[in-house]
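The paragraphs that follow lead through a structure chain by chain, and then to the places where the chains meet. Please keep the sequence and the coordinates at hand while reading.

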Amino acid sequence: MATKKFMYLNRRSSFGTVYAIESLEVVLIAAAFEQDVSLAFIDDGVYQIVEGQNTDGIGMKNFSKTFHALGDYDINKLYVSKESLEERGLSESDLMPLVYEDEDDDWAEKTSIKVVTNDELKAIMSEQDVCLSF
Amino acid sequence: MAQICGAEVDEEGFLVDLKDWNKEICIQMAKDDDVELTEEHWGVIDFLRDYFEEYQIAPAVRVLTKAIAKKMGKDKGNSKYLYSLFPYGPGKQGCRFAGLPKPTGCI
């Protein structure tokens, strides 16, 4: 099967709408078909991967834990907008330590997160076959 | 809606409320599928339940195989071994016994 480059744009925070969890579900489905998948976190989407989320008070499933499984699904390209982080007073150290094991480097653990400027992100987006916005 | 040991299950036999799960239900589900649960089955079922607790999803078969190889050794982390335990698929049948939802992307 031909492999396509899929990018999922995540632009909304985790729990106010259903977009974040739906995006993650579709990402996992696409991964099962062994496509080249990357994720981008822009605008309020950066809140999706902030460390220390707690949903006890709202009675919803804390699916932020699921992002830690992405490495096992060979999804290890998570681009985060530098500008979006800065606008919200966040930095890379506020994000969950999301990692994958590099098969070609003796299973060394490496970070999946890459903070990029919006210009860099634009260039990465233009290389994709499919961009899906959530 | 159908029930197993008093717990509601959906049309494919998966638990509606994951909190209902207990070993009795698991054993009954296996019995209905003509599977007798051994220590080896429980090893995989416990693994699936731990995985769900940690990641909040039921793993895809490919991911499950890899993760089991890592934790329990290569002789167990392969499809042949897992399918010998769960003939209807370690993902679909294993997750159902373990009280997990159907794996995402599983058709």
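Is A:D106 buried or exposed, and how many other C-beta atoms lie within 10 Å? Before the answer, some conventions are needed. The model is predicted, and therefore local features need pLDDT of at least 70 and side-chain atom pairs count only at pLDDT 80 or more, while totals for chains, interfaces and linings use all residues. Residues are numbered from 1 along each chain as its sequence is written, and chains are lettered from A and ligands numbered from 1 in the order in which they are written.

A:D106 is exposed, with 7 other C-beta atoms within 10 Å; a residue counts as exposed if 12 or fewer other C-beta atoms, placed from the backbone, lie within 10 Å of its own, as buried if there are 20 or more, and as partly exposed in between. A:D106 belongs to the loop that links β4 (99-102) with β5 (108-111) of chain A, where helices (H or I, at least four residues) and strands (E, at least two) are DSSP runs numbered from the N terminus. Its phi is near 55°, a positive value in a residue other than glycine. A:W107, found in the loop between β4 and β5 of chain A, likewise is not a glycine and has a positive phi, of about 60°. A:W107 counts as exposed because it has 11 C-beta neighbours inside 10 Å.

Of the 134 residues in chain A, 31% are buried. Two residues are in contact if their C-beta atoms, placed from the backbone, lie within 7 Å, and among contacts in chain A between residues at least 6 apart in sequence, 75% join residues at least 24 apart.

Chain B, in turn, has 5 helices and 2 strands, which follow one another as β-β-α-α-α-α-α. Its C-alpha trace spans about 40 × 25 × 25 Å along the principal axes, and for its 107 residues the radius of gyration of 13 Å agrees with that of a compact globule, near 13 Å. Buried residues make up 29% of chain B, and 54% of the contacts between residues at least 6 apart in sequence join residues at least 24 apart.

Where the chains meet, the contact takes 13 residues from chain A and 10 residues from chain B. On the side of chain B that touches chain A, α2 (39-55) and α3 (61-72) of chain B are the elements that give two or more residues, and the largest share, 3 residues, comes from α3(B). The residues of this side divide into 5 nonpolar, 3 polar and 2 charged; Ala, Val, Leu, Ile, Met, Phe, Trp, Tyr, Cys and Pro count as nonpolar, Asp, Glu, Lys and Arg as charged, and the others, Gly among them, as polar.

Leaving aside its neighbours within four places in sequence, A:Y73 is in contact with A:L28, A:A31 and B:V63.

Definitions and conventions:
Rg over C-alpha atoms; globule rule 2.2 N^0.38 Å.
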